[in-house]
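Colleague: I have the sequence and the model open and want to go through some local features. Can you take my questions as they come?

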Amino acid sequence: MKITGFDIAELRLPLKKPFITALRRVDCVKDVIIKVHTDTGIVGYGEACAVTAITGTTNEDVVNELSHTVFPSLIHNPMDAEDIFKRLHAMNISPETMACVDIALFDLLAKQKNQSLHQFLGSERCDLQTDLTISVDEPLKMQNETLTALDEGFNILKIKLDKDIDANIERLRRINEVLNEGNTLRLDPNQSLTLDGCLKMISHIRNDNIECIEQPFAAQDLDSMKQLKRHSLIPVLADESLFNTQDALKLLHEDIADMLNIKLMKCGGIYEALKIAKLAVKYDKNCMIGSMLEGPISLVAAAHFGLSQKNITMADLDSPLYLQEHPLLKPFNMRHDTIHLKDTTGLGIDPIMNRLGLFN
């Protein structure tokens, strides 16, 4: 199978409500989508969401890199899996661009084997439980959001926090007032805390129902993360400190974090994500499959990948619930807090893409 051509389209998806963290506010998702053609007639789809606040990349960067670097290099070359991914990941391009193409290539390879992507990656499961994010806000508003999430069938909540320690303590107090037995919290301050502030907060909150605290400090402040891991009973999850395999090796070898949050848009796609997950196995560490606020194609790809690795024990793939209704959301087949992927070939989105006519 050889690649014979590429198409590019852009998709704008408004959100049902603003998504607010300590780093940014988002009102709509703007994605770049590609369609990869082959000489067999099989096509593959990929998607990139430039997350400027995290990576510095823009959608314009993604389109330029696709058009001037990636496409000229890969067109008319055989789809030798190992070689094509090595060449892709050797390019001087953003991780979002890399992930966009990587997803499309895996879509092609799975279709060539007549398998769904999660089957192609070795999964025997098709159901993946996700958490639901509660955006940072006033304590009572976050309490009301928590009640809504519980009513909708979510058992695991990711609680966004910010640098205001006293407000965080009150937010978590209000949230705990309405939780049921068995509900689990994941805390995410999005790099906004100091070590002293974080330890103060942890000492003033209930922590028996907290599964982890995600990236409380600036990405480069690995020393604070390592000290928190030693002084706290709450497991530490690395997010923005982790982009690639080299980052993972440092975090694992120096015992800086308890768990790793793998995101396709950060690491450059499934090929690198598989390496990170397998490296974590060697250190007996579990991982989360996470996502940025992305479009549905890359989120479907993340779900397929998340199902394929036994040490991925957590999923943060609730972004589809923030998007206004769109046909591409259907492959998730969300049932309360569980994503159910069907065993259709590849990503499982071809009929929907054909009806949308984005590339006509």
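Colleague: Which way do β6 and β7 run, and how many bridges join them?

Modeller: Five bridges join strand β6 (residues 156–160) to β7, and the two run parallel. Two strands count as paired if DSSP finds at least two bridges between them. Strands are DSSP runs of E with at least two residues, helices are runs of H or I with at least four, and both are numbered from the N terminus. This is a predicted model, where local features need pLDDT of at least 70 and side-chain atom pairs count only at pLDDT 80 or more, while totals for chains, interfaces and linings use all residues. Residues are numbered from 1 along each chain as its sequence is written, and side-chain values use heavy atoms, with hydrogens and water left out.

Colleague: What is the bridge partner of I156 in β7?

Modeller: T184 is the partner of I156.

Colleague: How many residues of β7 are buried?

Modeller: Four of the five residues in β7 (residues 184–188) are buried, so the strand is largely enclosed by the rest of the structure. Buried means under 20% relative accessible area, exposed means over 50%, and partly exposed is in between, with a 1.4 Å probe and protein chains only.

Colleague: Other sheet, then. In what order do β4, β13 and β14 come?

Modeller: The order is β4-β14-β13, in an open sheet of three strands with antiparallel pairing. The edge strands, β4 (127–129) and β13 (334–335), each pair on one side only.

Colleague: How many bridges join β4 to β14?

Modeller: Three bridges join β4 to β14 (residues 338–340). In β14, I339 is the bridge partner of L128.

Colleague: Cysteines next. How many disulfides does the search find?

Modeller: Zero, over the whole structure. A disulfide here is a pair of cysteine sulfur atoms within 2.5 Å. For C267, the closest cysteine sulfur is in C287, 11 Å away, which is too far for a bond.

Colleague: Is C267 buried or exposed?

Modeller: C267 is buried, at a relative accessible area of 7%. C49 also counts as buried, at 5% relative accessibility.

Colleague: Where is K35, and what does it touch?

Modeller: K35 is in strand β2 (residues 25–38). Leaving out residues up to four places away in sequence, K35 touches G5, F6, D7, V43, G44, Y45 and F359. Contact means heavy atoms within 4.5 Å.

Colleague: How many residues of α13 are buried?

Modeller: 13 of the 13 are buried, so α13 is largely enclosed by the rest of the structure. Helix α13 (residues 296–308) should span 18 Å at 1.5 Å a residue, and its end C-alpha atoms are 19 Å apart, which agrees. The expected span is 1.5 Å times one less than the number of residues.

Colleague: Back to backbone angles. What is phi of H76?

Modeller: Near 70°, a positive value in a residue other than glycine. H76 lies in the loop between α2 (59–74) and α3 (81–89), and H76 counts as exposed at 53% relative accessibility.

Colleague: And what about N333?

Modeller: Phi of N333 is near 50°, a positive value in a residue other than glycine. N333 lies in the loop between β12 and β13 and counts as partly exposed at 23% relative accessibility.
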